[in-house]
Amino acid sequence: MAEKTGKKLTFEEAMVQLEEIVEKLEQGDVPLEESIDLYQQGMKLSKLCHTKLKNVEKKMDTIMHEDGKEEPFVIQEEDH
């Protein structure tokens, strides 16, 4: 389930699949063996989403300036 038709899942696709798995498990009427399979698939999807978020976080932590220097990304808060 981590890949669909040879293509890697996007973050959004993985989240949709993860939500569907959670819904099925929450219903409580899934046979034990299927529940275990769904749980394992859910853990893989969760890890995939976590990895994708970490990669985005790394990209956001660094901004490239015109001179090519990298510096940490800082959000400046406005004074009210």
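1. Leu 25, Tyr 39 and Met 43 together make up a nonpolar surface patch with about 300 Å² of accessible area. Patches join residues that have over 30% relative accessible area and no salt bridge, with nonpolar side chains (Val, Leu, Ile, Met, Phe, Trp, Tyr) linked within 5 Å and like charges within 9 Å. A salt bridge would be a side-chain nitrogen of Lys or Arg within 4 Å of a carboxyl oxygen of Asp or Glu, and areas follow the Shrake-Rupley method with a 1.4 Å probe.

2. The model is predicted, with local features requiring pLDDT of at least 70 and side-chain atom pairs counted only at pLDDT 80 or more, while totals for chains, interfaces and linings use all residues. Numbering runs from 1 along each chain as its sequence is written, and side-chain values use heavy atoms, leaving out hydrogens and water.

3. Helix H1, residues 11-27, has 17 residues and spans 25 Å between its first and last C-alpha, close to the 24 Å expected at 1.5 Å a residue (that is, 1.5 Å times one less than the number of residues). Helices are DSSP runs of H or I with at least four residues, numbered from the N terminus.

4. Glu 13, Ala 14, Gln 17, Leu 18 and Ile 21 are the buried residues of H1; they cover an arc of only 135° around the axis, which puts them on the same side of H1. Buried means under 20% relative accessible area, exposed over 50%, and partly exposed in between (1.4 Å probe, protein chains only), and the arc is taken from the directions from the helix axis to the C-beta atoms. The face turned away from the buried side carries the exposed Glu 12, Glu 26 and Gln 27.

5. Leu 25, also in H1, is partly exposed at 32% relative accessible area.

Notes: Helix = DSSP H or I, 4+ residues; strand = E, 2+ residues; numbered from the N terminus.
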